[in-house]
Amino acid sequence: QVQLVESGGGLVPPGGSLTLSCAASGGFFSIYAMGWYRQAPGKQRELVATITSGGGTNYLDSVKGRFTISRDNAKNTVLLQMNSLKPEDTAVYYCNAEIYVSILSTQPTTYWGQGTHVTVSS
């Protein structure tokens, strides 16, 4: 079974940095894309950043220039380096993956991690 295991969340002061990691494991054919979503208290879940298997990236406007998403294809792992963190970045961050589970799959299947807490506060 496909699982997404997240790590790296925690408490950091404004202006600080944090790196989130998500590793996909289990039986599957290939990963099309991986990324991160976040949900702050009282707000809707929003896409933060994604990266495709070919290296194409997409970022939420408010994190551009501060966050960097990268992927280690050999380890099926995605990283989100977060710099210059702001209080408004406080949220539960969820790893997301679009995965072709079989060579016969015509469309990817969406998987979610459990979520990791990021709190930006003095």
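**Exercise 1. Determine how far apart the closest N and O atoms of Lys64 and Asp61 are, and how accessible each residue is.**

Solution. Lys64 and Asp61 form a salt bridge, with their closest N and O atoms 3.0 Å apart. The term denotes a side-chain nitrogen of Lys or Arg within 4 Å of a carboxyl oxygen of Asp or Glu. Next, accessibility is classified: buried means under 20% relative accessible area, exposed over 50%, and partly exposed in between (1.4 Å probe, protein chains only). Lys64, at 49%, therefore counts as partly exposed, and Asp61, at 60%, counts as exposed. The model is predicted: local features need pLDDT of at least 70, side-chain atom pairs count only at pLDDT 80 or more, and totals for chains, interfaces and linings use all residues. Residues are numbered from 1 along each chain as its sequence is written, and side-chain values use heavy atoms, leaving out hydrogens and water.

**Exercise 2. Identify the salt-bridge partners of Arg38 and the network to which Arg38 belongs.**

Solution. Step one concerns Glu46, which forms a salt bridge with Arg38 at 2.9 Å between the closest N and O atoms. Glu46 is partly exposed, at 31% relative accessibility, whereas Arg38 is buried, at 6%. Step two concerns Asp89, whose side chain also meets that of Arg38 in a salt bridge (2.9 Å, N to O). Asp89 lies in the loop between strand 8 (77-82) and strand 9, and Arg38 in strand 4 (residues 30-39), so this pair ties together parts 51 residues apart in sequence. Strands are DSSP runs (E, at least two residues), numbered from the N terminus. Both Asp89 and Arg38 are buried. Step three joins the pairs: salt bridges with shared partners connect Arg38, Glu46, Arg66 and Asp89 into one network. The whole structure holds 4 salt bridges.

Key
Helix = DSSP H or I, 4+ residues; strand = E, 2+ residues; numbered from the N terminus.
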